[in-house]
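Me: Please show the model, and then we can go through it by question and answer.

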Amino acid sequence: MRIATWNVNSITARLPRVLAWLLSAQPDVLCLQELKCSDDGFPRDDITELGYDVASYGANRWNGVAILSRVGLEDVTRGLVDEPTYEDALHPRAVAATCGGVRVWSVYVPNGREPDHPHYTYKLRWLEALHTTVLAENSDDRPFAVLGDFNIAPTDDDVWDISLFADSTHVTEPERKALARLRDAGLTDVVPRALKYDRPYTYWDYRQLAFPKNRGMRIDLVYANRPFADAVTDAYVDREERKGKGASDHAPVVVDLTL
């Protein structure tokens, strides 16, 4: 089974690339983030024509997540246990489904903006809700994974120059402690291999030639329980999909499993 995750930074803007990638990479399950569309605006027909069922969770122009599966789509859940609001509203940032016997969550963790911003507090509260959800859903009875844009670099080696992030989100101790709590809840960071260079970055800013200079971050993660992690035969960042006109600023992370 091939399972992938990809922050597409607008499914509408990226649809031709997503369709082409589905045909070339042939994932059985694809978790998407940052749809930037409502459920009604999701291009469902284009996806289902390729043989995928769709579970989407989106609203208006912001956020949004989805799971595409050609191996079944059951027990769909939208939202986390005790999920916090931001500015008095719930935001579509997490959706789950069971696909071919594997339970997957597609998550788009809040950015946090700045450590002294209310969105940062919201981010930490949201991660607490994710931890609660993992405790409720994870078991050794089936493969289980949380995939998506975590907006956190797990280690200093996961950013191109840690000295530039001293006062920034994505690398702060509270954020990394939240990841550690997910690991304590029984999940493992499935670290992909890089197709080029020595670091498997998954995100490169559009500005200042960050991608050609490989000034990236590893923030798109796969956190898996033991049955899932033990089944992994390969994992890689499809850096090629970050190239060219109209690319997302994130690359897909692909995980192959033998179940």
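**Sheet, helix and single residues**

Me: Which residue in β12 stands opposite leucine 147?

Reply: This is a predicted model, in which local features need pLDDT of at least 70 and side-chain atom pairs count only at pLDDT 80 or more, while totals for chains, interfaces and linings use all residues. Residues are numbered from 1 along each chain as its sequence is written, and side-chain values use heavy atoms, without hydrogens or water. Helices (H or I, at least four residues) and strands (E, at least two) are DSSP runs numbered from the N terminus, and two strands pair if DSSP finds at least two bridges between them. β8 and β12 (residues 220–224) run antiparallel with 5 bridges, and in β12 the residue opposite leucine 147 is valine 222.

Me: Which strands stand at the edges of the open sheet, each with a single partner strand?

Reply: The open sheet has 6 strands, with mixed pairing, in the order β5-β6-β7-β8-β12-β9. Two of them have a single partner strand each, so one side of each is left without a neighbour in the sheet. These edge strands are β5 and β9 (188–189).

Me: Which residue of β7 is opposite alanine 97?

Reply: β6 and β7 are antiparallel, with 6 bridges. They form a hairpin with 2 residues between them, and glycine 100 in the turn has a positive phi of about 60 degrees. Alanine 97 faces, across the pairing, valine 104.

Me: In what sense do β7 and β8 run?

Reply: Strands of a sheet pair through backbone hydrogen bonds, either parallel or antiparallel. Arginine 103 stands opposite phenylalanine 144 in β8. The two strands, β7 and β8, are joined by 6 bridges, and their sense is parallel.

Me: How many of the 7 residues of β7 are buried?

Reply: Buried means under 20% relative accessible area, exposed over 50%, and partly exposed in between (1.4 Å probe, protein chains only). One side of β7 has Val102, Val104, Ser106 and Tyr108, the other Arg103, Trp105 and Val107, and all are buried. β7 is largely enclosed by the rest of the structure, because the count of buried residues is 7 of 7.

Me: How far does helix α3 reach from its first C-alpha to its last?

Reply: The expected span of a helix is 1.5 Å times one less than its number of residues. Helix α3 (residues 118–137) has 20 residues, for which 28 Å is expected. The model is close to this, with a reach of 29 Å.

Me: Against which strands and which helix do the buried residues of α3 pack?

Reply: The buried residues of α3 include Tyr122, Trp126, Leu130 and Val134. Contact means heavy atoms within 4.5 Å. The buried residues of α3 pack against β5 (74–78), β6 (94–99), β7 (102–108), β8 (144–149) and α4 (173–184).

Me: How far apart are the sulfur of cysteine 99 and the closest cysteine sulfur, in cysteine 31?

Reply: A disulfide is a pair of cysteine sulfur atoms within 2.5 Å, and the whole structure has 0 disulfides. Cysteine 31 is in no disulfide, and it is buried at 0% relative accessibility. Cysteine 99 is buried at 0% as well. The two sulfurs are too far apart for a bond, at 7.3 Å.

Me: Which kind of pair do the rings of tryptophan 204 and phenylalanine 211 form?

Reply: Rings of Phe, Tyr and Trp (its six-membered ring) pair if their centres lie within 6.5 Å; planes under 30 degrees apart count as stacked, over 60 as edge-to-face and the rest as tilted. The whole structure has 4 aromatic pairs. Tryptophan 204 is buried at 1% and phenylalanine 211 is buried at 10%. Their centres are 5.0 Å apart and their planes are at 85 degrees, so the pair is edge-to-face.

Me: Which residues does leucine 50 touch, not counting those up to four places away in sequence?

Reply: Leucine 50 is in the loop between α2 (44–48) and β3 (53–59) and is partly exposed, at 31%. From leucine 19 it is 31 residues away in sequence and 8.1 Å in space, C-alpha to C-alpha. With residues up to four places away left out, leucine 50 touches Leu19, Leu22 and Leu23.

Me: What is the phi of aspartate 75, which is not a glycine?

Reply: Most residues other than glycine have a negative phi, and most peptide bonds are trans. Aspartate 75, in strand β5, is exposed at 53% relative accessibility. The phi of aspartate 75 is positive, at about 50 degrees.
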